Amino acid sequence: LCNDTTSETMNNFIQKKSWSCLHGKRCAGHFLPQHDYVYDMEGNQVIDHLLRFEHLNEDFSTLMTLYDLPIGLPGKMNARNNTGQTGASGKLTVANFTKKTI
């Protein structure tokens with residue numbers, strides 16, 4: 001387990017893993033585009049429900065109501081900084097990606 005949680009380490013890891021997957025190395029599905037799980041080769045949606053992150057709480061609530069399940073999502077998590085280093089929460093975010101990584 002790596003305890004180096006800088007944005008540089010994260011970007012290097014993602015770039016290395018992405019390159020490996022793109023060049024036929026083993027990646028076990030972790031770096032596949034999300035659309036590979038949602039659409040078939042002809043572009044047809046192959047899942048029953050698609051929840052969008054932009055309105056996840058509403059979509060999730062609607063889905064749980066549809067199936068009569070008393071489940072909700074937890075509240076908002078602690079805010080994180082995006083200075084390139086981990087904040088008090090010890091987490092990196094998409095704001096820490098470099099242009100090369102993206």
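**Exercise 1. Find the nonpolar surface patch and classify I71 within it.**

Step 1. L66, Y67, L69 and I71 form the nonpolar patch, with about 400 Å² of accessible area together. Patch members have over 30% relative accessible area and no salt bridge, and nonpolar side chains (Val, Leu, Ile, Met, Phe, Trp, Tyr) are joined within 5 Å. A salt bridge is a side-chain nitrogen of Lys or Arg within 4 Å of a carboxyl oxygen of Asp or Glu. Areas come from the Shrake-Rupley method with a 1.4 Å probe; for residues, only the protein chains shown count as cover.

Step 2. I71 is in the segment after α3 (56–66).

Step 3. Classify I71. Buried means under 20% relative accessible area, exposed over 50%, partly exposed in between. I71 has 47% relative accessibility, so I71 counts as partly exposed.

The model is predicted: local features need pLDDT of at least 70, side-chain atom pairs count only at pLDDT 80 or more, and totals for chains, interfaces and linings use all residues. Residues are numbered from 1 along each chain as its sequence is written, and side-chain values use heavy atoms, without hydrogens and water.

**Exercise 2. Describe the setting of N11.**

Step 1. N11 lies in helix α1 (residues 7–22). Helices are DSSP runs of H or I, at least four residues; strands are runs of E, at least two; both are numbered from the N terminus.

Step 2. N11 has a relative accessible area of 3%, so N11 is buried.

Step 3. List its contacts (heavy atoms within 4.5 Å). Leaving out residues up to four places away in sequence, N11 touches N96, F97, T98 and T101.

**Exercise 3. Summarise the fold.**

Step 1. The protein has three helices and zero strands. The pattern is α-α-α.

Step 2. Of the 102 residues, 14% count as buried.

Notes
Buried < 20%, exposed > 50% of the residue type's maximum accessible area, 1.4 Å probe, protein only. Patch = residues over 30% accessible without salt bridge, like charges linked within 9 Å, V, L, I, M, F, W, Y side chains within 5 Å.
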